[in-house]
Amino acid sequence: MKRVYDFREGQASMNQLLGGKGANLAEMTNLGLPVPTGFTITTSACMEYLEKAQGLTTALMQEINAAICRLEERTGKGFGDSKNLLLVSVRSGARVSMPGMMDTILNLGLNDQTVESFAEKTSLAFAYDCYRRLLQMFADVVYGISPQYFASEIEELEMTYHKDLLDFNQKEFAELITRFKKIYTDNGQIFPQEPVDQLTEAVQSVFKSWNNHRAQVYRRLHKIPNDWGTAVNVQEMVFGNSGANSGTGVAFTRNPATGEAKVYGEFLSNAQGEDIVAGIRTPEKISELADSMPKVYQEFTEVCKRLEAHYLDMQDIEFTVENGKLYLLQTRTGKRTAKATVKIVVDLVREGVISKEEGLMRVKPELLNQLLHPVFSPKALKVVDILAKGLPASPGAATGKVVFTATRAKELTELGEKVILVRQETSPEDIEGMVLSQAIVTSRGGLTSHAAVVARGLGTCCVVGCGDLQVDEQKGEFHVHGKTYTEGQAISVNGNTGELYLGIIETELMEVDETFYTLMTWADEVSQLGVCANAETVKDLTTALQFGAKGVGLARTEHMFFASERLLEMRRMILAETPEEKQQALATLLSYQQQDFYDMFAITKEKSLIVRLLDPPMHEFLPQTEKDIIEVADSLAKPVTKVKEMIATLHETNPMLGHRGCRLGITEPGIYQMQAEAIIRSCIALTKAGISVKPKIMIPLIGGVAELVATKTIIVERINELFAELNSEIPYEIGTMIEIPRACLIADKLAEHVDFFSFGTNDLTQLTYGYSRDDVAKFMPEYIEKHILPHDPFQTVDEEGVGELMRIAVEKGRQTNPSLSIGVCGEVGGDPDSIQVFQKIKVDYVSCSPYRIPLARLSVAQAAI
Ligand code: PEP
Ligand code: MG
């Protein structure tokens, strides 16, 4: 087994073995780009090390030593050679990027002797700055000694000598190094002077870092397998900290927040890479390089273009400038916001770089949910003052209570609070708290700081570099303009503008831009399934149509009976003691429903609108508590005992399997007749007003042919009476829900009597598995954890069982009724994985809640590609 590859031996496609960073360094080397020479130790070598837990094998050491020799040859420098010193960086690099999750050591190869000769060749300040960084990073990564100890020593000496570290003289630096080494001995360790020993320790630590807590949390979160391992990249050092003509930067070939097609990033002069990521100094914009180092800037923008053209996507590049010469340290496909994802994809298609299909496939459907992130209501914003302003690092509008530590974030969220994590800066240890927070705010750092990168990946609202805040995590308070705020303070965070406000501000939905609509249009062009909405209120119907719903696949009429005055009429109808009383209640309900349907059809117009007749069991409408029962009895002028008696009569042991759906329609025909009448009357009125509508009436919970025929007859007879009475006819359709397994098996017979089917996968799943849909939460998490189920079948359709029943129903239904229209209106109708299954089964459309419409439109397109 080969365990070490020089950069020139690898390529981008080898990322499983070389890790993402190593594979791309190899690819860039072979493209002739300026990459410092180096080699990669493979991910398999890492797993071999972790499995054996016996140090680096002789075989691996031999390969590393040989690679060092080749590196020395190519650079003309020597490891530990005081005349021409080779220093290297050691960096982890897993298959997929895990920002800040693992470790890096820079300037490896320096020791007490070589630092002196290195100082002679370069400068005192520079050489010692490199050495003290090595001591700090090595202590942290290899021995887990807190960087805080070292920072305190620097601070103390700077105070003692009244000068900045970089102005120290030889004696003062020597004192610093002595103190640093004492930190080692205080912690029972010694800094190895031999470069090869340093390297051996560093490589082992990077290997081990694969299993550190924060890496494990990150893997769990992003579903990264534990056996991938990390590669280790050893590379000749180039120095961004070697003077004013040097520096280090991170840049994106396009703006990762907005997607704007312009190089975007940050540069820190006279600094090493970790300074930027740690967010300790706030960097300058990359565009400012155009003035300070015009040649470097031009070369860099050309490199950006080349890398984008090569990788066909936006790149996130780390680079260093050493004395005016540009070096590339990393490139990878850049993480970006949902908004930027859509814009970049649309731009790349328009630029002819990728095809429409490729563009559509690149956007994860769930991402569109982020695009529809809320924003603060402009009205509410007008009346509040800005507390502070930082850099908008990840979009959204979030509100919650301030916490200062990940632990408190966890504790308060467990108590059901919404929290906002406020810190000077975040580090990978904070990951658990960041995941739980509504927003992340830091007082330091730029758009590529740890907080910003992680928040964007999580889709969490984030503001960084908010200099107006002074955060004291220890004391649990922050100060703004002389005022102090403590934990629990409610704030609102605007991830789109970088602004913070005191208190909770009302939010509303974001306006989406032209690129979003373009992507949606492209999606519709390739789709084979339609996307409809489950909606019944005017607000939801309007939203659904704005999001591009083709029509309404399910309007649940029971939702219309819960408003207070209607509920009373419903109760009057259910509790009626005489036919007259029932009739009277139904007449009032008819007038309500007629208005409801009029309003709904007036919005959907010529688009399809499927109204489902009443479905739930009667007792859901009845009062439960003593207080409510007395109130209802009072309002209906009935004795409390009588009401209680009737409630007891209506009680069912198993209501979801009981007197509901069409069973109710058959035993209480007045209800379905009333609903059919309300639909037809409102549609005739609209047609007369010049808006021709074709209502579709859907019967729930059908399990047999006789049941369907009986229910249909009740409805059709009433409609015919109405046509005669009003002397006017309109076209209409009658369909059935398919939500009982038996209905799937006799679908051919059912299809002869209806115009359409709609799969109610909620009930169909409930009845196929025999899992009560209202009680699954009690066992589902454990079932998934124990791999008894691969996923919750109420969220993603069970292809093997429920899916098979659906397939049978589709096939049988179309056998006897080729023009049968077939949809899916259960919750899984808006789930991307389920949509793949529905595409195979060949239904005509899916129907889902309004906010999932864009996601479903993209999913049906992807299913068709
Ligand atoms: C279903 O059962 O999938 C369905 C859409 O109907 P409901 O959820 O109202 O029972
Ligand atoms: Mg149902």
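Predicted model: local features only at pLDDT ≥ 70, side-chain atom pairs only at ≥ 80, totals over all residues.

Biologist: In what order do the five strands of the open sheet lie?

Modeller: The pairing in this sheet is antiparallel, and the twist averages 20° from one strand to the next. Strand 1 (4–6) and strand 4 (104–108) each pair on one side only, which makes them the edge strands. Read across the open sheet, the order of the five strands is 1-2-5-3-4.

Biologist: Which residue of strand 5 stands opposite Ser89?

Modeller: Strand 3, residues 88–94, and strand 5, residues 230–236, pair in the antiparallel sense over seven bridges. Opposite Ser89, the residue in strand 5 is Gln235.

Biologist: Which strands does helix 8 touch as it packs on the sheet?

Modeller: Helix 3 (residues 58–75) lies across strand 1, strand 2 (38–41) and strand 5, and runs at about 15° to strand 1. Helix 8 (residues 195–209) also packs on the sheet, its direction making about 20° with that of strand 3. The strands touched by helix 8 are strand 2, strand 3, strand 4 and strand 5.

Biologist: Which residue of strand 9 stands opposite Thr248?

Modeller: Strand 6 pairs in the antiparallel sense with strand 7 (residues 264–269) over six bridges, and there the bridge partner of Gly247 is Ser269. Strand 6 also pairs in the antiparallel sense with strand 9 (residues 315–322), again over six bridges. In strand 9, the residue opposite Thr248 is Thr320.

Biologist: Is Glu739 buried or exposed?

Modeller: The UniProt entry, which is unreviewed, lists Glu739 under "binding site", together with Arg556, Arg612, Gly760, Thr761, Asn762 and Asp763. Glu739 sits in the loop between strand 28 (733–738) and helix 29 (741–745), and its contacts, leaving aside residues up to four places away in sequence, are Leu701, Phe759, Gly760, Asp763 and Leu764. With 26 other C-beta atoms within 10 Å, Glu739 is buried.

Biologist: How many other C-beta atoms lie within 10 Å of Arg556?

Modeller: Arg556 belongs to strand 25 (residues 552–556) and touches Glu536, Arg612 and Asp615, not counting residues up to four places away in sequence. Arg556 is partly exposed, because the number of other C-beta atoms within 10 Å is 18.

Biologist: Which element supplies the largest share of the shell around ligand 1?

Modeller: Ligand 1 is surrounded by Leu554, Arg556, Asp615, Glu739, Gly760, Thr761, Asn762, Asp763, Cys825 and Gly826, and by class this shell has two nonpolar, four polar and four charged residues. Strand 25 and helix 31 (761–769) each supply at least two residues of the shell. The largest share, three residues, comes from helix 31.

Note on methods:
Residues numbered from 1 in each chain as written. Chains lettered and ligands numbered in written order. Pairing = 2+ DSSP bridges. Helix = DSSP H or I, 4+ residues; strand = E, 2+ residues; numbered from the N terminus. Axes fitted to C-alpha atoms, helices over the stretch in contact; angles between N-to-C directions. Contact = placed C-beta atoms within 7 Å. UniProt positions renumbered as here; feature names shortened; annotations may be inferred. Buried ≥ 20, exposed ≤ 12 C-beta atoms within 10 Å, placed from the backbone. Near = placed C-beta within 6 Å. Nonpolar A, V, L, I, M, F, W, Y, C, P; charged D, E, K, R; others polar.
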